[in-house]
Amino acid sequence: MATENRVIAVEEHFVTDAYVQTAHGLDHFPGDRTEVQLTRAVERNEPTRSQLLDLDARLAGMDAAGQDMAVLSLNPPGVQPYEPADAVGLARQFNDSLAEIVRRHPTRFAGLGTVPPQAPEQAAEETERIMGPLGLNGIMINSHTEGRYLDDDRFAPLLAAAEAHRAPIYLHPRVPSMLNQYSEYGLSGAIWGYAAEAGLHAMRLILSGTLDRYPHLTFVLGHLGEGIPYYLTRIDNRHAYASKIAGAATAMRTLEHTPSEYFQRNFVITTSGVDDPNALEFALGAVGEDNVMFAVDSPYEDTAAAVEFLKTAPVTDTQRANISHRTAERVFGLR
Ligand code: MN
């Protein structure tokens, strides 16, 4: 019999009452109104409201499912739709609450702080506070901010701070910045738009050369890598081909490494929302068996079903221990 593994889930969303009061009171913001209204409806209406707010119920659900620890993060898209000054205040308020929760439950909860990328200098300062005095374990960024991506020079202070303070960045999806053709049939959400958006963001980081400038950054992608592992061979092939024939015509940049080498060096992926043994086996082969972490994506996915999948998936004992806790302990500095 395999020994029982500690189970750590790393994409677990919540909100505080104080955060909801403040955020829902903001009437003027540059972000997509439909996305904000949907988020507010989710945060206001049962049963999700209680599932996001009630940490005692969450602990009971974790106990019932056999989950030891949750790495908590703010409900997406967090502070990113708001005006810079509002986002700075919201992030500080939320991070203080998160740090207090983790101090109260050090063996059950860890936390990813939230930052306001629309105020890059303050986001850099907040990253330092998150990783320093607040004692948290990384940051979560919900993909684009005002339609801009982290390869944009505007965000250089934030990336420099994340690298300097060893803050892994969980690059979580949100509704795509290019909304038009995603606006029908429910496409903009988790069914497809989220993966297209977060996958685009990761590809921008790789192909722009951003990871040559910040070689020690670690990005975490949920949903088994937002589709990228499946395409790595083709991405490498097309990058090599286009680089060779016509750099100017294709706008392809020369990089120090192949795209897949960055994906294996600078990215770690999680199982959030993908309880699929075939996809997991493929992902382990693509990114390596110490680069996949367990996540539920609570409260939007079922904790008991995800833990059952983790315990029964057809992987080796070493792979299961890595997915269950060892990789999360390494990436997020968990004891
Ligand atoms: Mn999520």
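This is a predicted model: local features need pLDDT of at least 70, side-chain atom pairs count only at pLDDT 80 or more; totals for chains, interfaces and linings use all residues.

Me: Which residues coordinate the manganese ion?

Reply: Donors are N, O and S atoms within 2.8 Å of the metal (3.2 Å for Na, K and Ca); water is not among the atoms, so sites may look incomplete. Here E11 (OE), H13 (NE2), H172 (NE2) and D297 (OD) coordinate the manganese ion at 2.0 to 2.3 Å. Along the chain these donors follow the spacing E-x1-H-x158-H-x124-D. H13 lies in strand β1 (residues 8–14) and H172 in the loop between β6 (169–171) and α8 (193–207), so the pair ties together parts that are 159 residues apart in sequence. Helices (H or I, at least four residues) and strands (E, at least two) are DSSP runs, numbered from the N terminus.

Me: Are H13 and H172 buried or exposed?

Reply: Buried means under 20% relative accessible area, exposed over 50%, and partly exposed in between (1.4 Å probe, protein chains only). Both H13 and H172 are buried. In β1, seven of its seven residues are buried.

Me: How should I read the side chains of strand β2?

Reply: In a regular strand the side chains alternate between the two faces of the sheet. From β2, M69, V71 and S73 point one way and A70, L72 and L74 the other way, and all are buried. Six of the six residues of strand β2 (residues 69–74) are buried, so this strand is largely enclosed by the rest of the structure.

Me: What joins β2 to β1 and to β3?

Reply: Strands of a sheet pair through backbone hydrogen bonds, either parallel or antiparallel. Two strands pair if DSSP finds at least two bridges between them. β1 and β2 run parallel and are joined by five bridges; the metal ligand H13 stands opposite S73 in β2. Three bridges join β2 to strand β3 (residues 109–111), and these two also run parallel. A70 has F109 as its bridge partner in β3. From β2 the chain crosses through helix α5 (residues 84–104) to β3, and this β-α-β crossover is right-handed (with the strands pointing away from the viewer, the path from the first strand over the helix to the second runs clockwise).

Me: What surrounds the largest pocket?

Reply: On a 1 Å grid over the protein atoms alone, a cavity is a set of points where a 1.4 Å probe fits but cannot get out, and a pocket is an open set with protein on both sides within 12 Å along at least five of seven lines; lining residues have an atom within 4 Å of a point. Lining the largest pocket are 38 residues, of which A190, Y194, A195, H223 and E226 lie nearest its centre. Elements that give two or more residues to this lining are α2 (33–44), α8, α10 (223–226), α11 (228–245) and α14 (277–287).

Me: Which residues line the largest cavity?

Reply: Its lining consists of Y19, H24, V36, T39, R40, E43, P77, G78, P81 and Y82. The largest share, four residues, comes from α2.

Terms used: Residues are numbered from 1 along each chain as its sequence is written. Side-chain values use heavy atoms; hydrogens and water are left out.
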